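Welcome, and take a moment to settle in with the structure below. The paragraphs after it will lead you from one feature to the next.

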Amino acid sequence: MSLSSGAAVLNALALTIGVILVVGAYRHWSWLVDPPIQWAPYYSQAWLKKILGTRVVVIWTYFVGLVLIATPLLAIWAR
C-alpha cells in the first residue's frame, strides 16, 4: 500500500465518520447526543452532556462532523 492509497483510506474514513456524526446530530440519535450520564467516565459525549447539557453535545457533534467532512475535502482540493 503506497502512501497515497493510505491517505485515501484515511480520507474516506474521516469523511464517512463525519457524515455519520452530522446525520446522527440531525436525527438526534440518543447514543450520540443524549447518552446516559452514567457513561460519563467512559464516553466523551456523556461527559460533555453532564457538564454542559444536551444542546452543547448536539452543537459539538455537528462541529466535529463538519470538521471531519471538510478535512479530507480540503486535502483532495489541495492536491
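This is a predicted model: local features need pLDDT of at least 70, side-chain atom pairs count only at pLDDT 80 or more; totals for chains, interfaces and linings use all residues.

Let us begin on the surface, with a nonpolar patch to which α1 and α4 each supply at least two residues. The patch covers about 390 Å² and is made by Leu 15, Val 19, Val 23, Leu 73 and Ile 76. Its largest share, three residues, comes from α1.

The chain has a mean pLDDT of 92, and 96% of its residues reach 70 or more. If you compare the elements, helix α1 (residues 3-27) has the lowest mean pLDDT, at 92, while helix α3 (residues 44-52) has the highest, at 95.

Now stay with helix α1 for a moment and find Ile 17, which lies in it. Ile 17 has a relative accessible area of 37% and is therefore partly exposed. Along the sequence, Ile 17 and Val 64 are 47 residues apart, yet in space their C-alpha atoms are 9.6 Å apart.

For a contrast, turn to Thr 61 in helix α4 (residues 54-78). Is Thr 61 buried or exposed? Thr 61 has a relative accessible area of 2%, so this residue is buried, the limit for that being under 20%. And which residues does Thr 61 touch, leaving aside those up to four places away in sequence? They are Leu 21, Ala 25, Leu 32, Val 33 and Gln 45.

Next, look at the loop between α1 and α2 (30-33), where His 28 is found. His 28 has a positive phi of about 55°, although this residue is not a glycine.

Aromatic rings come next. A pair of aromatic rings is described by the distance of the centres and the angle of the planes. Searching the whole structure turns up three aromatic pairs. In one of them, the rings of Trp 29 and Trp 31 have centres 6.1 Å apart and planes at 20°; planes under 30 degrees apart count as stacked, so this pair is stacked. Trp 29 is partly exposed at 27% relative accessibility, and Trp 31 is partly exposed as well, with a relative accessible area of 45%. Another pair, Trp 39 and Tyr 43, is edge-to-face, with 6.0 Å from centre to centre and 65° between the planes. Both partners are partly exposed: Trp 39 has a relative accessible area of 41%, and Tyr 43 has one of 23%.

Our last stop concerns charge. Side chains of opposite charge can pair when their charged atoms come close. How many salt bridges does a search of the whole structure find? The search finds one. In it, Lys 49 pairs with Asp 34, and the closest N and O atoms are 2.6 Å apart. Because Lys 49 lies in helix α3 and Asp 34 in the loop between α2 and α3, the pair ties together parts that are 15 residues apart in sequence. The surroundings of the two partners can be described too. Lys 49 is buried, with a relative accessible area of 18%, whereas Asp 34 counts as partly exposed at 37% relative accessibility.

Conventions:
Residues are numbered from 1 along each chain as its sequence is written. Side-chain values use heavy atoms; hydrogens and water are left out. pLDDT is the predictor's confidence in each residue, from 0 to 100. Helices (H or I, at least four residues) and strands (E, at least two) are DSSP runs, numbered from the N terminus. Rings of Phe, Tyr and Trp (its six-membered ring) pair if their centres lie within 6.5 Å; planes under 30 degrees apart count as stacked, over 60 as edge-to-face and the rest as tilted. Buried means under 20% relative accessible area, exposed over 50%, partly exposed in between (1.4 Å probe, protein chains only). Contact means heavy atoms within 4.5 Å. Patches are made of residues with over 30% relative accessible area and no salt bridge: like charges are joined within 9 Å, nonpolar side chains (Val, Leu, Ile, Met, Phe, Trp, Tyr) within 5 Å. Accessible areas come from the Shrake-Rupley method with a 1.4 Å probe; for residues, only the protein chains shown count as cover. A salt bridge is a side-chain nitrogen of Lys or Arg within 4 Å of a carboxyl oxygen of Asp or Glu.
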